[in-house]
Amino acid sequence: DAILVASGVSRLIYDCNRPPTSVDAMPAQSETIKVPGNVGLTAEQRLERANRYYEPFRNHLSRQIASTPDAVIVTVHSFTPSYHGAARTVEIGILHDTDTRLADAMLQLAPAHMDANVQRNAPYGPEHGVTHTLKEHAIKAGLLNVMIEVRNDLIQTGEQQDTMANVLANWLLESLAKLQSVKGAQ
């Protein structure tokens, strides 16, 4: 019963998980590769992109959250198996900012759902500026939230994607049920 709100644009054009003030919202370089369409963007061009991509995404997400009782915010992203030549051993990252409730429940239940290297705030964490959506839309409102990062070699095929989607959905549902039972016992 989840509602998908997707940016519909490559993060190289505008990373909607970043505020317009972030340099990484429109990166001039991605790892070791220059992004020609982003090199030398003027303040006016950056504002135009923010208005064209970020603001509609942000506003649509805000409306969806406002119209969903007891909304839970889950952002899902993927990452490369190696970065700047270094292999990444983490396979699934469970990320959070200051609100750890859902991340804690997921990490506690990880062994039952994932036969993988699951880590907290890896390969990124709040210090990398990746939790903007969680801070902007969930934490301020006290909503449960988590960011899930999946190493992209685990979701290369349609079959892998379906399998991962089912695993993540069941894992999330069990984690939410666990939190609800704890809340009910209090």
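Which residue forms a salt bridge with Asp99? Arg101 does, with the closest N and O atoms 2.7 Å apart; a salt bridge here is a side-chain nitrogen of Lys or Arg within 4 Å of a carboxyl oxygen of Asp or Glu. Asp99 is buried, with a relative accessible area of 11%, whereas Arg101 is partly exposed at 38%. Buried means under 20% relative accessible area, exposed means over 50%, and partly exposed is what falls in between (1.4 Å probe, protein chains only).

A word on the model and the numbering. This is a predicted model, with local features needing pLDDT of at least 70 and side-chain atom pairs counted only at pLDDT 80 or more, while totals for chains, interfaces and linings use all residues. Residues are numbered from 1 along each chain as its sequence is written, and side-chain values use heavy atoms, with hydrogens and water left out.

Now for the sheet. Four strands make up an open sheet in the order β3-β8-β6-β7, and the pairing is mixed. Strands (E, at least two residues) and helices (H or I, at least four) are DSSP runs numbered from the N terminus, and two strands pair if DSSP finds at least two bridges between them. β3 (73-79) and β7 (118-120) stand at the edges with a single partner strand each, so one side of each has no neighbour in the sheet. On average, neighbouring strands are turned by 20° against each other, direction ignored. Axes for such angles are lines fitted to C-alpha atoms, for helices over the stretch in contact, and angles run from 0 to 180 degrees between N-to-C directions.

Strand β6 (residues 92-95) pairs on one hand with β8 (residues 145-151), in the antiparallel sense and over four bridges; here Leu95 stands opposite Met147. On the other hand, three bridges join β6 to β7, and these two run parallel, with Gly93 opposite Gln119. In a regular strand the side chains alternate between the two faces of the sheet. In β6, Ile92 and Ile94 point one way and Gly93 and Leu95 the other, and all are buried.

Helix α2 (residues 101-113) lies across β6, β7 and β8, running at about 45° to β8. In helix α3 (residues 132-139), the buried residues are His132, Thr133, Leu134, His137 and Ala138. These pack against α1, β3, β6 and β8, where contact means heavy atoms within 4.5 Å.

Back to the charges: the whole structure holds nine salt bridges. One of them joins Arg58 to Glu136, with 2.8 Å between the closest N and O atoms. Arg58 lies in helix α1 and Glu136 in helix α3, so the pair ties together parts that are 78 residues apart in sequence. Both ends count as partly exposed, Arg58 at 25% relative accessibility and Glu136 at 21%. The two also belong to a network of salt bridges that links Glu55, Arg58, Glu136 and Lys140.

Arg151 and Glu91 form another salt bridge (3.6 Å, N to O). Arg151 sits in strand β8 and Glu91 in the loop between β5 (86-87) and β6, so this pair ties together parts 60 residues apart in sequence. Arg151 and Glu91 are both buried.
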